[in-house]
Amino acid sequence: MTGLTRRQLLASGAAGAAGAGIAALAGCSGASGTGVSEPEAFDTPLPIPPLADSRMVDGIRTFTLTAQEGSWQFQSGQQASTWGFDGPYGGPTLRAAVGERVAVEVTNELPEATSTHWHGMHLPAEMDGGPHQMIEPGETWRAEWVVDQAPGTLWYHPHPHGATERHVYRGLAGMFQLVPAPGSQVAAVEEQLPHTYGVDDVPVVIADKSFDEDGELVIDDGGNEVGLLGDVVTVNGVAGARLEVTTQLVRLRILNASTARTYSLGLPEQEMLLIASDGGLLRAPLEVTQVRLSPGERAEVLVALQPGQEVRLHSYEPDLGQVAAPFAVGANDAFDVLALVAAEELTASAEVPEQLASFGLDAGAVSVRRHFELQGRQINGARMDMARIDETVQVGSTELWTVRNLDLFPHNFHVHDVQFEVHAIDGAPPPPELAGRKDTVYTEPHRDYELLLTFTDYTDTQWPYMYHCHLLRHEDEGLMGQFVVVAPGQEADPSLISGAGREHE
Ligand code: C2O
Ligand code: CU
């Protein structure tokens with residue numbers, strides 16, 4: 001039923017010809033570059049964020065989340081003041097099915113205002129949880145929408161303008177997993193993939209941290225161009241984590257929740273099967289040696305293990321493109337991230353389907369082209385202005401956005417509301433790992449990324465969506481813009497966000 005068998009996955013170390021990143025395999029031990037310090041041992045059981053409870057209220061799957069202060073142990077013998085949703089750090093995993101109406105009621109018990117954005121979600125702008133949907137201390141904000149997109153691994157995090165880096169870094173981030181509608185075609189595919197939460201379907205939220213001598217989080221950037229590059233790399237909040245695997249195949253849903261660091265994740269001498277990018281399953285599984293993830297991006301990979309095998313998920317020196325000072329932006333860092341330890345007896349896993357999903361935006365339907373030049377903390381020469389609507393998009397249209405990083409240091413580009421497709425990079429088709437549904441793409445310096453986007457519904461002349469660099473300090477400092485989606489004949493109305501008040505529709 002498939003050419004991509006477990007045997008081939010296991011044997012794939014020998015077939016190392018695949019992938020340009022293979023050369024990096026040579027230098028896989030020890031830390032370097034800006035100095036990530038590897039834990040002495042990988043012996044802390046990987047914490048699995050709990051699945052969030054929900055209740056059905058009038059047919060609406062309703063979740064509650066509370067942003068709160070707490071204290072968390074990232075590594076043994078050390079306690080740090082942190083923020084989290086429903087706990088001291090991170091957040092529970094929300095899970096909903098495609099087609100469901102969902103609501104999330106977020107209560108802010110922090111000492112300052114925050115917001116909660118559903119990264120990767122297609123939903124009305126007013127529900128987006130961006131910088132205009134702030135939640136004051138003591139208040140509750142309710143977002144409600146119908147899940148209407150492909151199943152996939154999304155996430156949620158604060159988005160207060162100018163403070164997103166700090167809020168996320170302190171720990172406010174969780175996964176929002178969308179599962180297929182029962183009976184759908186993709187449900188049958190999902191059934192064959194590892195899908196038991198926390199057993200063979202495991203959230204892997206990677207974030208780098210930096211601590212002072214008291215063990216408290218610090219976010220001093222040391223003057224580099226990208227923001228914080230922490231020297232302690234955590235998964236689900238702990239350094240030196242180990243995951244006990246009991247099945248032949250394990251699915252890792254990897255989220256880069258770091259504020260600035262880009263990783264290039266792989267296994268020494270063994271390939272992984274990439275099955276999904278930001279917005280859901282790829283068309284077909286793809287054998288990869290490494291997956292590059294910039295802040296905000298997700299990847300789902302399948303790893304095949306033999307009984308008793310122990311491997312470390314490693315971050316190789318990421319290829320960041322033609323950056324001026326690779327050392328200063330983390331491109332020389334290599335380190336272990338997570339130990340995977342297989343049991344002596346492993347439960348058999350199903351064969352991986354040969355085809356996973358079918359989708360595709362129509363480049364022939366493009367009616368509008370836009371250009372976005374990223375430089376310093378500006379897009380097209382302007383910093384983010386909360387009161388300005390930068391772009392007005394007509395609902396139902398397909399657009400081609402060309403994004404170019406004019407700097408010699410890293411940026412990426414994230415668009416709210418849609419999953420886009422990378423149509424071309426410098427005029428050539430994207431590599432297969434970037435050919436899936438994306439909401440965030442790393443932009444190597446001085447290259448043109450052509451993105452195809454379709455804005456299917458949800459018009460609002462007043463509430464905007466964001467697009468921005470997901471290196472959170474860049475975003476905070478202005479590398480962000482706002483767009484509205486309007487019906488034909490409508491115009492953007494900035495009166496609400498410029499403080500003139502919103503008329504009730
Ligand atoms: Cu993950 Cu505008 O954000
Ligand atoms: Cu940037």
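These questions and answers cover a copper site and salt bridges in a predicted model.

Local features need pLDDT of at least 70, side-chain atom pairs count only at pLDDT 80 or more, and totals for chains, interfaces and linings use all residues. Residues are numbered from 1 along each chain as its sequence is written, chains are lettered from A and ligands numbered from 1 in the order in which they are written, and side-chain values use heavy atoms, without hydrogens and water.

Colleague: Which residues coordinate the copper ion (ligand 2)?
Modeller: Donors are N, O and S atoms within 2.8 Å of the metal (3.2 Å for Na, K and Ca); water is not among the atoms, so sites may look incomplete. Here the distances are 2.0 to 2.1 Å. The coordinating residues are H411 (ND1), C469 (SG) and H474 (ND1).

Colleague: What spacing do the donors of the copper ion (ligand 2) follow along the chain, and how many residues apart are H411 and C469?
Modeller: The spacing is H-x57-C-x4-H. H411 lies in strand β26 (residues 411–415), and C469 in the loop between β30 (465–468) and α4 (472–476). Helices (H or I, at least four residues) and strands (E, at least two) are DSSP runs, numbered from the N terminus. The pair therefore ties together parts whose separation in sequence is 58 residues.

Colleague: Is H411 buried or exposed?
Modeller: Buried means under 20% relative accessible area, exposed over 50%, partly exposed in between (1.4 Å probe, protein chains only). H411 has a relative accessible area of 0%. So H411 is buried.

Colleague: How many salt bridges does a search of the whole structure find?
Modeller: A salt bridge needs a side-chain nitrogen of Lys or Arg within 4 Å of a carboxyl oxygen of Asp or Glu. Searching the whole structure gives 30.

Colleague: How many residues apart in sequence are the parts that R61 and E100 tie together?
Modeller: Their side chains meet in a salt bridge at 2.9 Å, N to O. R61 lies in strand β3 (residues 60–72) and E100 in the loop between β5 (94–97) and β6, so the parts are apart by 39 residues.

Colleague: Is E100 buried or exposed?
Modeller: Its partner R61 is partly exposed, at 23%. E100 has a relative accessible area of 18%. That makes E100 buried.

Colleague: Where does R447, the salt-bridge partner of D426, lie?
Modeller: The two side chains meet at 3.0 Å, N to O. D426 sits in the loop between β27 (421–425) and β28 (440–443), 21 residues apart from R447. R447 is in the loop between β28 and β29 (448–454).
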